[in-house]
Amino acid sequence: MTEPTLQISGLQVQVGPHKVIDGVDITVQPGQIVALVGESGSGKSLTALSIMGLLGGKLRNAGGTITLSGTPLEHTSDAAMRRLRGQRISMIFQEPVASLNPLLSVGAQVGESLVAHGKADAGSAWSRAVQMLRDVGIPEPEKRARQLPSQLSGGMCQRVMIASALIARPELLIADEPTTALDVTIQAQILELMRRLREQTGTSILFITHDLGVVASLADRVCVMYGGRIVEQADVDDLFDNPAHPYTRMLLATIPRVDSPRKQPLFSIPGTVPDHDDWPQGCRFRTRCPLAGDACLQTPPLEPKAAGHLAACWHSDKVAGMIDHG
Amino acid sequence: MTLAATPHHVGSRIAKLYRIAGPFSLILLGLVLIAIFAPLIAPNDPNSQNLMGRLKAPGTEARGTLYLLGSDELGRDLLSRIIYGARVSLSVALLSVVLSGVVGTTLGMAAGYLRGWTETVIMRLVDIFLSIPAILLAIITVAVLGPGFVNVILVLALTRWPRYARVAYGQTLSVAGMPYVRLARAMGASWPRVLLRHILPNIIAAMAVIATLEFGLMVLFEAGLSFLGLGVQPPTPSWGATLSVGRNYVTSAWWIATFPGVCLFLLVLSVNLIGDRLSEYLNPKTR
Ligand SMILES: Nc1ncnc2c1ncn2[C@@H]1O[C@H](COP(=O)(O)OP(=O)(O)OP(=O)(O)O)[C@@H](O)[C@H]1O
Ligand code: SF4
Ligand SMILES: [Mg+2]
């Protein structure tokens, strides 16, 4: 077996005494697109920032291992971590327009990671940036490179961000809801672009989203996150067909379906995500789970339920029999 | 990448600059030119005394010298002293603004970006400095260091850096939280690179506004110190010092205090108006 591009196990992140991330396991194989899904506040962004070594302020890494193509990252110094960023791991964000420096030309920003790491002088970084802009489908790249971000649309800015993230050919791209701020057509174009770039460059992608439609159309594999833990991890078709965790099952029921009767109201998961300092003991989904029982006072481990299909639930065998809310 | 500096571009840049700075910038420009070309413009040696021509009224002539703005208590030509005085005012103000601006901005940015104990130490210091009345601090330190051109600049910089530091600190905090700074860090930019390439250019406009307003204040501080005899030392002509001497002769020779006073007024007024227009121009809410 080849070495995974990214292997996270038992990752923990603390804010003061509270574990906001408590045992996250994610594996991304080379060339794979893995989606990380979950409601707001489940810890997706913190997981990403902790991989990047960019946790700041009161947040700190409190345990677990992160391995990038065989390189363990958890004991890497800040300086060495900085050299990996933009070179071996890149990250793109929501808010494409605000993510670009308003005073720097687009071309300079795309070439930034080459110059910042001393991989190219300004001139050759510029020509590679223009080429990269062409690769991400920006028309008239020579002209666009000279423009400021304010002269570009949101969708274009997202392409620029992708170009700057991929110019150094990183092994892993982390995309934190890169399409959430864009309208549907542009969103589809950006997803298409990411799919194409993955084919061309073989970059692995960890794609964070709470849109299951996006997951279905893009991902090879899915990690479902709840309350700072991974509750289920499986290949995308397997997950959609045979969810093994009640939370996943209920998330899937929230997707509007073309074949469902029009008048029927959309299902939503009852209750809200508790605050990170207010998790119930044992299974963190207990307060909202229709299958919850006494066993659930103990934390269920993330364990194989079928080949390549992991779930953290004492009652996964009953998930298939849950009343269909949709 | 950069536009070639063709005459057309230079012309339109100047026009744009004038639109931003407003008509009062012409007064400042005039005073700057006067200061630069003082030896060419001044009709007389500013320091040559003429005891027979003391306290002559504007327009009078004595021993072949025409005193266009009158003469002072030592018979020196007031016009020439005012022209040379512009050099003192402008250079002290400029140098102290540059010095305090660079020091203050650097420390403020360091505090705002590095946070932690750096932030605590620098911002406590800023609070302490800002709680002492600036002119009082300046007077005390000059009294310790001794007066003189260089010392005045050092003292003014020492007194004024906290103002820049506080603004740079606040600006850095807000810019450091911008998504583009987060992206730059995710691309592996080192902290000096983040500060110089991403934060400084985005806060420099705010710093320029402060620097302009401070410039006017520094002109007044220098005049004030010289008025008290703590600034540049005689016989070097300074508007503040001339004003101070003129005070003794307000009734008998009104011109000695009046003309430097008017010059100070015009200089500070024009600088402050430019500062106001600049801050209005750079404020995204009013643009
Ligand atoms: N800087 C911080 N300091 C303290 N707590 C934080 C900080 N950032 C995030 N948290 C907490 O950590 C939890 C996870 O946050 P995170 O941003 O990872 O969620 P998310 O899954 O990305 O949500 P969203 O879909 O809204 O982006 C939240 O409960 C949040 O309150
Ligand atoms: S462990 Fe219990 S509470 Fe948690 S998801 Fe499974 S059934 Fe629900
Ligand atoms: Mg998030």
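Ala, Val, Leu, Ile, Met, Phe, Trp, Tyr, Cys and Pro count as nonpolar, Asp, Glu, Lys and Arg as charged, and the others, Gly among them, as polar. Keep that sorting in mind for two sites in this predicted model.

**Ligand 2.** Ligand 2 is surrounded by 13 residues. The closest are A:Cys283, A:Cys289, A:Cys296, A:Cys313 and A:Trp314. How does the shell around ligand 2 divide? Ten of its residues are nonpolar, two are polar and one is charged.

**The largest pocket.** This pocket holds about 1,200 Å³ of space. Its lining has 40 residues. Nearest the centre lie A:Gly53, A:Leu54, A:Leu55, A:Gly56 and B:Arg185. Both chain A and chain B supply elements to the lining. Which element gives the most? Strand 4 of chain A does, with six residues. The elements below each supply at least two residues.

| Chain | Elements lining the largest pocket (residues) |
|---|---|
| A | helix 1 (44–52), strand 4 (59–68), helix 2 (78–84) |
| B | helix 4 (78–114), helix 7 (149–176), helix 8 (179–186), helix 9 (191–227) |

By class, the lining divides into 21 nonpolar, twelve polar and seven charged residues.

**Helix 6 of chain A.** Why is helix 6 of chain A largely enclosed by the rest of the structure? Twelve of its 13 residues are buried, so the rest of the structure largely encloses it. Buried here means under 20% relative accessible area. Among the buried residues are A:Gly155, A:Arg159, A:Ile162 and A:Leu166.

Terms used
Residues are numbered from 1 along each chain as its sequence is written. Chains are lettered from A and ligands numbered from 1 in the order in which they are written. This is a predicted model: local features need pLDDT of at least 70, side-chain atom pairs count only at pLDDT 80 or more; totals for chains, interfaces and linings use all residues. Side-chain values use heavy atoms; hydrogens and water are left out. Buried means under 20% relative accessible area, exposed over 50%, partly exposed in between (1.4 Å probe, protein chains only). Helices (H or I, at least four residues) and strands (E, at least two) are DSSP runs, numbered from the N terminus. A residue is near a molecule or strand if one of its heavy atoms lies within 4 Å of it. On a 1 Å grid over the protein atoms alone, a cavity is a set of points where a 1.4 Å probe fits but cannot get out, and a pocket is an open set with protein on both sides within 12 Å along at least five of seven lines; lining residues have an atom within 4 Å of a point. Grid points are joined across faces, edges and corners, and a volume is the space filled by probe spheres set on the points.
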